[in-house]
Amino acid sequence: MDFHKELQKIIKESKSSESISTGSSEVSILYEEFNMNLKRSDKRQMEISLMLEEISENVQQINDLNCEQENQIKNEEQIINSLLNILDIVEDFYLLSVKDSNSSGCSEAETLWNSILKKISVIGLNRIYDEKTPSDIRLNTIVGTDYDDYISKGHIIKTLRSGYLYKDKVIRKSEVIVCKPRKDNE
């Protein structure tokens, strides 16, 4: 037996076991740090998940509100269209009674028509007044032309169907007849 070789073997083995124990303690430290980071990551992931759920709920509430608002707008449009149909009937009655100015109901029809116009203006619905004013493509649909020596070219001679604004938005254009110059004036 070679004592010297055996001693070196023992020294080598002891160095090797020290490095293993040092390595093993480093691995356990790394393992513990990894676990702590994993726990922090899990906690953060849970917080993010809760935030995403809250955002999702808020988005759903916004979508629900948008749907409600769209339904409300549709209902409002239906009510306004129905009101316009009623106004057309009342306006036709008023215009017929004005044509027959000998009729006893003429002044009552005019009073009724003006009263209705005042009432609807309170809710933001306004008739477009356009006779003897220049035609405006944003407010009027020209359905015909005619001559009138007392009205300027391009001005409205007659309104066939009233137009209306609702809260400054055109909901129906007026149907009008516009003045054109006589050929001898051109």
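Trainee: In which helix of this predicted model is Glu91 found?
Mentor: Glu91 belongs to helix 1, which covers residues 3–99.

Trainee: Why is Glu91 called buried?
Mentor: Its relative accessible area is 5%, and buried means under 20%; therefore Glu91 is classed as buried.

Trainee: What makes the pairing of Glu91 and Ser162 a polar contact?
Mentor: The two side chains are joined at 2.5 Å, and the cut-off for such a pair of N or O atoms is within 3.5 Å. Besides Ser162, Glu91 is in contact with Trp113, Arg127 and Tyr164, leaving aside neighbours within four places in sequence.

Trainee: How do you know that Arg172 and Asp88 form a salt bridge?
Mentor: Their closest N and O atoms are 2.7 Å apart, and the criterion is within 4 Å, so the pair qualifies. Arg172 lies in strand 5 (residues 169–172) and Asp88 in helix 1, so the bridge ties together parts that are 84 residues apart in sequence.

Trainee: Is Asp88 buried or exposed?
Mentor: Asp88 has a relative accessibility of 10%; with buried set at under 20%, Asp88 therefore counts as buried.

Key. Residues numbered from 1 in each chain as written. Predicted model: local features only at pLDDT ≥ 70, side-chain atom pairs only at ≥ 80, totals over all residues. Heavy atoms only, no water. Helix = DSSP H or I, 4+ residues; strand = E, 2+ residues; numbered from the N terminus. Buried < 20%, exposed > 50% of the residue type's maximum accessible area, 1.4 Å probe, protein only. Polar contact = N/O pair within 3.5 Å; in protein donor to acceptor, adjacent residues only side chain to side chain. Contact = heavy atoms within 4.5 Å. Salt bridge = Lys/Arg side-chain N within 4 Å of Asp/Glu carboxyl O.
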